[in-house]
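Have the structure open as you read, and look up each residue as it comes.

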Amino acid sequence: MTPDQIKLVQDSFREVVPIKTAAAALFYEKLFAIDGSLKALFRATDMNKQGAELMAALGYIVHGLSRAETILPIVQDLARRHVGYGVEEHHYPIVGQALIETLEAGLGEAFTQEVREAWAAAYGLLAGVMIAAAREVQLAA
């Protein structure tokens with residue numbers, strides 16, 4: 001990611017923070033619309049709490065993009081935990097799609113092509129790190 005892309009992601013996320021509860025609910029609505037089978041992963045989950053955790057994690061990651069070396073170990077740990085929840089590699093593009101659609105809906109006209117590309121780059125970086133960490137867990141099993 002370029003410094004300009006990092007700034008675009010961070011600046012646009014600041015616009016999401018005031019609507020974070022609605023954004024989290026919309027994210028899961030979109031996620032389950034794309035792949036209804038993912039609902040099973042959240043069967044016993046308090047979705048309000050899950051949404052708050054999602055937004056907190058996103059905030060931490062977004063703000064840490066400018067110092068990626070400090071957040072990547074945490075992102076790797078997150079991926080390892082997600083393996084235990086049943087998350088599989090083919091879920092990552094679905095999550096990315098739901099995230100982009102949520103941001104597009106939440107940011108409206110502020111979600112320009114440049115902002116979209118910056119978020120896609122950020123998600124691509126993080127998903128790649130998470131997939132690699134998840135593969136390590138699966139190979140060790």
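- Arginine 80 is partly exposed, at 30% relative accessibility; "partly exposed" lies between buried (under 20% relative accessible area) and exposed (over 50%), with a 1.4 Å probe and protein chains only.
- Aspartate 77 is partly exposed too, with a relative accessibility of 38%.
- Arginine 80 and aspartate 77 form a salt bridge, and their closest N and O atoms are 2.7 Å apart. The term stands for a side-chain nitrogen of Lys or Arg within 4 Å of a carboxyl oxygen of Asp or Glu.
- Both arginine 80 and aspartate 77 belong to helix α4 (residues 68–85), where 3 residues, about one turn of the helix, separate them. Helices (H or I, at least four residues) and strands (E, at least two) are DSSP runs, numbered from the N terminus.

**How to read the values**

- This is a predicted model, in which local features need pLDDT of at least 70 and side-chain atom pairs count only at pLDDT 80 or more, while totals for chains, interfaces and linings use all residues.
- Residues are numbered from 1 along each chain as its sequence is written, and side-chain values use heavy atoms, with hydrogens and water left out.

- Side chains of opposite charge can pair when their charged atoms come close.
- How many salt bridges does the count come to? By the rule above, there are 6 salt bridges.
- Lysine 7 pairs with aspartate 11 in a salt bridge whose closest N and O atoms are 2.6 Å apart.
- Lysine 7 and aspartate 11 are separated by about one helical turn, because they are 4 residues apart in helix α1 (residues 3–16).
- Lysine 7 is partly exposed at 48% relative accessibility, and aspartate 11 is partly exposed with a relative accessible area of 30%.
- Salt bridges link Lys7, Asp11 and Arg14 in a network.
- Arginine 135 and glutamate 89 also meet through their side chains in a salt bridge, at 2.5 Å from N to O.
- This pair links distant parts of the chain, 46 residues apart: arginine 135 is in helix α6 (residues 113–140), and glutamate 89 is in the loop between α4 and α5 (91–107).
- Arginine 135 counts as partly exposed at 41% relative accessibility, as does glutamate 89 at 37%.

**Closed spaces: cavities**

- Rolling a probe the size of a water molecule over the atoms shows where empty space is left.
- On a 1 Å grid over the protein atoms alone, a cavity is a set of points where a 1.4 Å probe fits but cannot get out; lining residues have an atom within 4 Å of a point.
- The whole structure holds 2 cavities of 30 Å³ or more. A volume is the space filled by probe spheres set on the grid points, which are joined across faces, edges and corners.
- The largest cavity has about 90 Å³ of space, and its lining includes Phe13, Phe27, Leu103 and Trp119.
- Which helix gives the most to the lining of the largest cavity? That is α5, with 4 residues.
- The lining of the largest cavity has 10 nonpolar, 2 polar and no charged residues. Here Ala, Val, Leu, Ile, Met, Phe, Trp, Tyr, Cys and Pro count as nonpolar, Asp, Glu, Lys and Arg as charged, and the others, Gly among them, as polar.
- The second largest cavity has about 40 Å³ of space, and the residues lining it include Glu89 and Arg135, which also form a salt bridge.
- Helix α6 supplies the largest share of the lining of the second largest cavity, 4 residues.

**Open spaces: pockets**

- A pocket is an open set of grid points with protein on both sides within 12 Å along at least five of seven lines.
- The largest pocket holds about 840 Å³ of space.
- Lining the largest pocket are 31 residues, and Leu54, Leu78, His82, Val95 and Met130 are the closest to its centre.
- Helix α3 gives the most to the lining of the largest pocket, with 7 residues.
- By class, the lining of the largest pocket has 25 nonpolar, 4 polar and 2 charged residues.
- The second largest pocket has a volume of about 260 Å³.
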